[in-house]
Amino acid sequence: MTAPLRIAIAGLGTVGGGVAEVLLERGQDLAERAGRPVKLVGISARDRNKSRKSDLSSIAWFDDCRALATIDADVIVELIGGEDGPAYELVKAALGARKHVVTANKALLAHHGSELAALAERNGVALKFEAAAAGGIPIVKALRESLLAYGIDAVRGILNGTCNYILTKMEATGQSFGDVLAEAQKLGFAEADPTLDIGGGDTAHKLALLSSLAFGAAPDLSLITVEGIEHITPEDIGYAREFGYRVKLLGIARRTADGIDQRVQPAMVKAGTPLADVEGPFNAVVAHAGAAGPFFLEGRGAGEAPTASAVIADIMDLARGDVGPVFGRPAGTLKPLRAAPPERRKSAYYLRFQVLDVPGVLAEIAGHLAQSEISIQSMVQRARSPGEAVSIVMITHESPQGAVTRALNAIAASDKVTGRPCMIPMEAG
Ligand code: HSE
């Protein structure tokens, strides 16, 4: 057998512990598959005395993760997290020291991907990140290597398990967003600070990476419009079901005549389609690979084993000598992405208005929609309470987002309309 591939891990949380365990417990099988031993040689974490599943006493320990960049290791596995700070410093130092890096850090790559890719390539080393998008689902490798023949038209997916769990639970129980979130936090299914998950930021980080791989562009978060799920109500979810849809937080990157349309947004996904059927904390991605696609991949997007599985996949690639370009083509050839103007995106929309049940309110809403040339496909007003607030729900025909937003702004200014109108695009599954 050839020389071992020497691995050092920075960060021994859930995922780091899982990776260490696989390297220690399944080393023989990995070595046979890779054709060389894969050996854990160094570790850095916050608390040396914490009790852990694996016996790590024989592995060299470093209090400062940045020291890993200087030791005799071939691959640094960065599992610290965070877009800046120690993770960024370690990755830069490791690449600069000609060590391969494997990371699960989507925030780091979404913010510094181009710079780090260029650094890796200048030093002739790899920066791999299968675990950074959709956890255990091998979508990074699929977009980087497997779906090249016909190009990628679109990547669409459920990329945040916390949001999908919350939306699934809201649908099953009729509970409010706030109640389900509080319960999920109590059970440890949602972070104590869930902002990045529920606000769509985590999905945007992942989408920026997938979009970069799909369209050969530098990752650029600033080109993604981001909306979270905080404003979704059980009422919206109930109407969705009635119309034959389910509400899902989607990350979408799609080639259009106007450029690449990239957005994170709750969408009404047609019931019975693969994306609509993704339940609970699962993630899923649809890759539209020209004449060869679409392809649908579903799996666990977070947690110890799925994320460790993706990290090990990258390590195995490196053990076999695969040091391809970080985003699938040389960093110097990654072009800025031409972004489609959001106002020109066309979609059918679900609209919900909270209005006073008084004569003329419907005519006023319809008037503003007509003025913006928005055609209504169906409409529901179920409750009747003269003088009180009721909901009016409409589904529009396909319309440009700019026109719908304009009409909604005008409608929101009416004294018969209480609260901000809700607008959710309809998506094929
Ligand atoms: N917090 C993420 C999720 C996993 O809920 O899917 C890590 O990005």
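**Figure 1. Gly328 sits in a loop between α11 and β13.** In this predicted model, the loop that holds Gly328 runs between α11 (304-319) and β13 (346-347). Is this glycine buried, partly exposed or exposed? Gly328 has a relative accessible area of 37%, so it counts as partly exposed. Now look for its partners: leaving out residues up to four places away in sequence, Gly328 touches Arg144 and Leu213. Leu213 is 115 residues away from Gly328 along the chain, yet the C-alpha atoms of the two are separated by 6.1 Å.

**Figure 2. The largest nonpolar core is made of 86 residues.** Which of its members touch the most other members? They are Leu95, Leu127, Phe129, Leu143, Ile166, Ile229 and Tyr350. Helix α9 (residues 201-215) gives the most to this core, with eight residues. There's also a second, separate core of 32 residues, and it includes Ile9, Ile43, Val77 and Ala308.

**Figure 3. Here's a closer look at Leu127 and the residues it touches.** Not counting residues up to four places away in sequence, what does Leu127 touch? On the list are Val91, Leu95, Val101, Thr103 and Leu109, along with Leu116, Ala117, Ala120 and Val326.

**Figure 4. Helices α4 and α9 pack against each other at about 55 degrees.** Helix α4 covers residues 106-122, and its axis is 9 Å from that of α9. Because of that angle, α4 is oblique to α9. As for handedness, α4 passes α9 in a left-handed crossing. Which residues meet here? From α4 come Lys106, Ala107, Leu109, Ala110 and His111, and from α9 come Asp202, His205, Lys206, Ala208 and Leu209. Sorted by class, the contact between α4 and α9 has five nonpolar, two polar and three charged residues.

**Figure 5. Helices α6 and α10 form another packed pair.** Helix α6 (residues 161-173) and helix α10 (residues 234-243) meet at an angle of about 75 degrees, and their axes are 9 Å apart. That angle is why α6 counts as roughly perpendicular to α10. On the α6 side you'll find Leu167, Met170 and Glu171, while Pro234, Ile237 and Arg241 come from α10. How many residues of each class are in this contact? The contact of α6 with α10 has four nonpolar and two charged residues, but no polar ones.

**Figure 6. The peptide bond from Gly293 to Pro294 is cis.** Its omega is near 0 degrees. Where does Pro294 sit? You can find Pro294 in the loop between β11 (282-288) and β12 (295-300).

**Figure 7. Arg98 has a positive phi, though it isn't a glycine.** The phi of Arg98 is about 60 degrees. Look for Arg98 in the loop between α3 (86-96) and β5 (100-103). Exposed means over 50% relative accessible area. Arg98 has 56%, so it counts as exposed.

**Figure 8. Glu373 is another residue with a positive phi that is not a glycine.** Phi is about 60 degrees for Glu373. Which loop holds Glu373? It's the one between α12 (361-371) and β15 (376-380). With a relative accessible area of 73%, Glu373 is exposed.

**Figure 9. Ser54 lies in the loop between β2 and β3.** Strand β2 covers 38-44 and strand β3 covers 60-62. Is Ser54 buried or exposed? Its relative accessibility is 13%, so Ser54 counts as buried. Setting aside residues up to four places away in sequence, Ser54 touches Glu21 and Leu24.

**Figure 10. Val22 is part of helix α1 (residues 14-25).** At 22% relative accessibility, Val22 counts as partly exposed. What is Val22 in contact with, once neighbours within four places in sequence are left aside? The contacts are Gly27, Leu30 and Ile312.

How values were computed
Residues numbered from 1 in each chain as written. Predicted model: local features only at pLDDT ≥ 70, side-chain atom pairs only at ≥ 80, totals over all residues. Heavy atoms only, no water. Core = buried A, V, L, I, M, F, W, Y, C linked by side-chain atoms within 4.5 Å. Buried < 20%, exposed > 50% of the residue type's maximum accessible area, 1.4 Å probe, protein only. Helix = DSSP H or I, 4+ residues; strand = E, 2+ residues; numbered from the N terminus. Contact = heavy atoms within 4.5 Å. Axes fitted to C-alpha atoms, helices over the stretch in contact; angles between N-to-C directions. Parallel < 35°, antiparallel > 145°, perpendicular 65-115°, else oblique. Left-handed = near helix turned anticlockwise from the far one by under 90°. Nonpolar A, V, L, I, M, F, W, Y, C, P; charged D, E, K, R; others polar.
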